[in-house]
Amino acid sequence: MGFPQHNRSGWGAARLMLAATTLVAILVAACGGGSGGGPGMPTISGGSSSGGTVKVALLLPLTSSGNTPAVAKALKQAAELALFDFDNPGVVLVPKDTHGTPDGARAAAQSAVSEGAELLIGPLFAQEVTGAAPVARQANVPMIAFSSDESVAGNGVYLLSFLAGRDVPRIVSFAISRGKKNFAVLVPQSPYGRIAEAAFAKAVTQGGGQASVRATYASNDSNAMLGPVRQIANAIKSGQQIDAVFLPAGREDLPSLAPLLASSELTSQRVQFIGTGQWDYPGIGNEKALVGGWYPAPDPKGWSKFAASYAKTYGDTPPRLASLSYDAVSLAVSLSQNPQGQRYTESLLTRGSGFAGVDGLFRLLPNGTSERGLAILE
């Protein structure tokens, strides 16, 4: 799944630096306006309507193991909140339980399609998408899913999630615009680290920069982190020209890395740190060595407003990915005004103007991935 589940109330020293994005010129705010998946599961509408209805299915693992049902419930509630906020009585949400399995997702999709759903929102996990996608494609019904696994995207499946590495060009272009062209890389030995580093190398090359120093470290092992940190520190102390250090780590590693950086005299006073969306967690500003570092993230104002509305309605704090469900339904409502058969076409779903969401501007791409406008935080 790959999503941090937290609210954004504890931002500490993080502050919004720049709300302009690489997409602002092309993305324009364009937003208009049970436990079982079988018979008897209630549908949800924005109100009563004497005219026809637009059915939008919501495929979620409402019954599964662990904390998954709680997350699914929050996604369902966020979808309902969007439906009532945008107040279109002609749009009906049809919840379907995937049970968190490929077979369950396939059955949920079949049930939704047989009931006339024109758009599928969800499922949550990649294996569920794999199960449901063939059904959706055969029926020519598009799917907006929440998986962060790009391998399941395309051919009518669109991923609204925050995809690994997609935020890296944003922070690189910002750093280069601020005169940072010589980089060092301190990257975790993990699948995410490899994705982030590949995106970084491509963005730096395209921006005319260079990364002359590279060190890797084993995650969750502070002893193994010390050597790579010192490698970067020694390169800077020896006089190598390094304007910024790229550190694509998150809340699992940064609390251990930050003291090592400080003890090696690597702080923002000496070199500019730049991170990724993995830095976007409560308390990041408490890591003194990283104060002054830059990282890309959605503008926090939208999330704060959404979280407050959600809490007021449901009496609870939403998990971080609840905004995706809200945005998917708001997109569905905004396109529902079109005639039947022309509401959720590829050309409309992937329109260049995009959509406005809780986390800012976004657009779906023909290859099934998504693109977002991001702020830079310090």
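In what sense do β14 and β15 pair, and over how many bridges? They pair in the antiparallel sense, over 3 bridges. The views below are taken from a predicted model.

**View 1. The open sheet β13-β14-β15.** Three strands make up an open sheet, in the order β13-β14-β15, with antiparallel pairing. From one strand to the next, the twist averages 35°. Of the 5 residues of β14, 4 are buried, so this strand is largely enclosed by the rest of the structure.

**View 2. The hairpin of β13 and β14.** β13 and β14 form a hairpin that has 2 residues between the strands. The two strands run antiparallel, and 3 bridges join β13 to β14 (residues 360-364). Gly-357 stands opposite Gly-360 of β14. Phe-355 has Phe-362 in β14 as its bridge partner.

**View 3. The hairpin of β14 and β15.** A hairpin is also formed by β14 and β15, here with 5 residues between them. Gly-368, in the turn, has a positive phi of about 95°. Across the strand pair, Arg-363 stands opposite Glu-371 in β15.

**View 4. Arg-372 in strand β15.** Arg-372 lies in strand β15, which covers residues 370-372. What is the nearest side chain of opposite charge to Arg-372, and how far away is it? It is Asp-327, at 4.6 Å. A salt bridge requires a side-chain nitrogen of Lys or Arg within 4 Å of a carboxyl oxygen of Asp or Glu. Arg-372 is buried yet has no salt bridge. Its side chain does reach the backbone oxygen of Leu-160, at 2.7 Å.

**View 5. The salt bridge between Arg-320 and Asp-359.** The side chains of Arg-320 and Asp-359 meet in a salt bridge, with an N to O distance of 2.5 Å. This pair links distant parts of the chain, 39 residues apart. Arg-320 sits in the loop between α8 (300-314) and α9 (322-335), while Asp-359 sits in the loop between β13 and β14. Are the two partners buried or exposed? Arg-320 is buried, with a relative accessible area of 6%, and Asp-359 is buried, with a relative accessible area of 2%.

**View 6. The salt bridge between Arg-166 and Glu-150.** The structure holds 10 salt bridges. One of them joins the side chains of Arg-166 and Glu-150, at 3.2 Å from N to O. Here too the pair links distant parts of the chain, 16 residues apart. Arg-166 belongs to the loop between β7 (157-159) and α4 (168-177), and Glu-150 to the loop between β6 (143-145) and β7. Arg-166 is partly exposed, with a relative accessible area of 36%. Glu-150 is partly exposed as well, with a relative accessible area of 34%.

**View 7. The salt bridge between Glu-265 and Arg-270.** The side chains of Glu-265 and Arg-270 meet in a salt bridge with an N to O distance of 3.3 Å. Glu-265 is partly exposed, with a relative accessible area of 47%. Arg-270 also counts as partly exposed, at 40% relative accessibility.

**View 8. The parallel pair β3 and β4.** Strand β3 (residues 54-60) runs parallel to strand β4 (residues 91-97), and 7 bridges join the two. Ala-57 has Val-94 in β4 as its bridge partner. Of the 7 residues of β3, 6 are buried, so the strand is largely enclosed by the rest of the structure.

**View 9. Helix α1 and the residue after it.** Helix α1 (residues 68-86) has 19 residues, which at 1.5 Å a residue should span 27 Å. Asp-87 follows α1 and has a positive phi, near 50°.

Conventions. Residues are numbered from 1 along each chain as its sequence is written. This is a predicted model: local features need pLDDT of at least 70, side-chain atom pairs count only at pLDDT 80 or more; totals for chains, interfaces and linings use all residues. Side-chain values use heavy atoms; hydrogens and water are left out. Buried means under 20% relative accessible area, exposed over 50%, partly exposed in between (1.4 Å probe, protein chains only). Lys and Arg count as positive and Asp and Glu as negative; His and the chain ends are not counted. A polar contact is a pair of N or O atoms within 3.5 Å; within protein, one must be able to donate a hydrogen and the other to accept it, and residues adjacent in sequence count only if both atoms are side-chain atoms. The expected span of a helix is 1.5 Å times one less than its number of residues. Two strands pair if DSSP finds at least two bridges between them. Axes are lines fitted to C-alpha atoms, for helices over the stretch in contact, and angles run from 0 to 180 degrees between N-to-C directions.
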